Amino acid sequence: MQISFTVNGTRQDMELDPRVTLLDALRDHLGLTGSKKGCDHGQCGACTVLVEGRRVNACLSLAAMHEGEEITTIEGIAQTSPDTAATLQQAMIDYDGMQCGYCTPGQVCSAVGMLSEAREGWPSHVTEDLDAPLELTRDELTERMSGNLCRCGCYPGIVKAIRTASEARTSDSEAA
Amino acid sequence: MRPFDFTRPDDLEGACAAGFTEGATFIGGGTNLIDLMKLEVMAPAHVVDVTRLGLDRIEDEGDGLNIGATVRNADLAADPRVRRRYPVLSRALLAGASGQLRNRATTAGNLLQRTRCPYFQDRDSACNKRTPGAGCAALGGEVRNHAILGTSEHCIALHPSDMAVAMRALDAEIEVRDPEGGMRSMDLDHFYRLPRDTPHIETRLEPGDLITSVRLPAPKGDRQIYRKVRDRASYAFALVSVAAVLRMEGGKIAHAAVAFGGIGTEPWRDIEVDAMLTGETPSDSLFDKAGEVLVQGADVQDGTAFKVPLVQRVLKDVLWRAVA
């Protein structure tokens, strides 16, 4: 079937079988292999991309469900969310937020999406008062990132990197 | 994945007509369905995308709320009206899945999600839910995330939802459109079917029936608690969860609605438990008795025996927090 959506600002028209997931469309049909296939069942978060600015598991979504939508992958996130993503990517390097790097694109996309959710004041499982202004503590951050696994166990560095990005002043209106 | 036709109707009539075709299934977020299609546990001939029908709004309705079927779990949890007046629902949603999944998963899809019984998900294992009459590999097999209430000799599969547990405690009603355009509503007790000898039939939806919204009446209690116990701190299904909606008057429990996750073949509520709490003064002995009534007739396997004392203790803890 004919499917069109925008990836990192470029419109893409594709002829795809309805079975093709968003992840496979990005990787195999558009050659954007930054988004990773880890578990392929929504458990590891390595495939995380932004759809209309929101983080989702690309492996659990059909490409056909995204007709006309805007997708942002790790390849384009520094352009669409320059302040947050650029700061975060540098901080991931500075704090050794990776060893093998396989989960890293998903961690970065997820963190950018998570920080914009936090800016909107969304509560989380560990938020004590659902009505109070949100303070993005370490507990809040780790709870909100629990959908991204790192088998190298680089969590301390990842947490430090995301905290650095969250503290940096941002003007990323696209991500807000 | 098996081949299927994909359509994305833009009105309810077209959606219900497409949903009425042989082997059709609706897709909302797809986070459960696509997973099961990859495993070929589900192999619909026709997938009907219902996310562009305008069913994604949360609207005030009298003193209650009307929640569109395709409202994403993340939006529902963050809605200021839900946070303020139905905090048990926000809490239950936020206790479930991950941020990425909540951004996709829908209200109706959450209600309709399938069990995570590993034998259901494994096509090489016997499962009456997947293949009626095939037998049940869970009985006598490895069990942990399985039900102890509502089970039958054919199925002990657990309903995995957190959201639906809160919905049960809030007396939610489901609005359904049939292929002829008729609307009907049902409460969750009527909506879900116990497995009995037909575990493959989980709800009272008929072919082509589309859930359009979930209605919440005005909250009947201002003391709302959701507590979930799981194997890890985040992103895991409930071993046991308890949703409580209470109202206190003069030191007595004037309204009690308690629902349970992790123990039932459907999101569990026992009107006997609610009745014995209502009108009473909180006490350890009252809450202990409620816990005893809850597990009367529990169907316990070696791997699920821990759930009896666990749910009783969590219930007691939640009730004390709610009345405090």
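G28(B) is buried, at 15% relative accessibility, where buried means under 20% relative accessible area, exposed means over 50% and partly exposed lies in between (1.4 Å probe, protein chains only). G28(B) sits in the loop between β2 (24-27) and α2 of chain B; helices (H or I, at least four residues) and strands (E, at least two) are DSSP runs, numbered from the N terminus. Not counting residues up to four places away in sequence, G28(B) touches M65(A), V50(B), T51(B), R72(B) and T106(B), contact being heavy atoms within 4.5 Å. The C-alpha atoms of G28(B) and T70(B) are 6.3 Å apart in space, and the two residues are 42 apart in sequence.

The model is predicted: local features need pLDDT of at least 70, side-chain atom pairs count only at pLDDT 80 or more, and totals for chains, interfaces and linings use all residues. Residues are numbered from 1 along each chain as its sequence is written, chains are lettered from A and ligands numbered from 1 in the order in which they are written, and side-chain values use heavy atoms, with hydrogens and water left out.

## Domains

Chain A is divided into domain 1 (2-72) and domain 2 (77-167), with bounds that come from an automatic or database domain assignment. The C-alpha centres of domain 1 of chain A and domain 2 of chain A are 21 Å apart. To their contact, domain 1 of chain A gives 15 residues and domain 2 of chain A gives 18 residues.

For chain B, the assignment gives domain 1 (5-48) and domain 2 (223-323). Taken over C-alpha atoms, the centres of domain 1 of chain B and domain 2 of chain B are separated by 36 Å.

## Helices of chain A

How is a pair of packed helices described? The angle between their axes and the distance between the axes are used. The axes of helix α3 (residues 82-94) of chain A and helix α6 (residues 155-167) of chain A come within 8 Å and cross at roughly 150 degrees. Here axes are lines fitted to C-alpha atoms, for helices over the stretch in contact, and angles run from 0 to 180 degrees between N-to-C directions. On the α3(A) side the contact is made by T84(A), T87(A), L88(A), A91(A) and M92(A), and on the α6(A) side by I158(A), A161(A), I162(A), T164(A) and A165(A). By class, this contact of α3(A) with α6(A) has seven nonpolar, three polar and no charged residues. Ala, Val, Leu, Ile, Met, Phe, Trp, Tyr, Cys and Pro count as nonpolar, Asp, Glu, Lys and Arg as charged, and the others, Gly among them, as polar.

Helix α4 (residues 104-119) of chain A has 16 residues and should span 22 Å at 1.5 Å a residue, which agrees with the 22 Å between its end C-alpha atoms. The expected span is 1.5 Å times one less than the number of residues. Of the 16 residues of α4(A), 15 are buried, so the helix is largely enclosed by the rest of the structure. Just after α4(A), G121(A) takes a positive phi of about 85 degrees.

Y102(A) is in the loop between α3 and α4 of chain A. Leaving aside neighbours within four places in sequence, Y102(A) is in contact with K36(A), K37(A), G38(A) and A46(A). Y102(A) and G38(A) are 64 residues apart in sequence, and their C-alpha atoms are 8.2 Å apart in space.

## Positive phi in chain B

Most residues other than glycine have a negative phi. E40(B), which is not a glycine, has a positive phi near 60 degrees; E40(B) lies in the loop between α2 (33-38) and β3 (46-49) of chain B. A97(B) is not a glycine either, and its phi is positive at about 60 degrees. The loop between α5 (87-94) and α6 (99-104) of chain B holds A97(B).

## Strand residues and accessibility

F5(A) is part of strand β1 (residues 2-7) of chain A. Among the residues that F5(A) touches are L22(A), L30(A), H66(A) and I71(A). V214(B) belongs to strand β8 (residues 210-216) of chain B. The contacts of V214(B) include L65(B), I67(B), L111(B) and M167(B).

| Residue | Relative accessibility | Class |
|---|---|---|
| F5(A) | 1% | buried |
| V214(B) | 1% | buried |
| E40(B) | 22% | partly exposed |
| A97(B) | 31% | partly exposed |
| Y102(A) | 36% | partly exposed |
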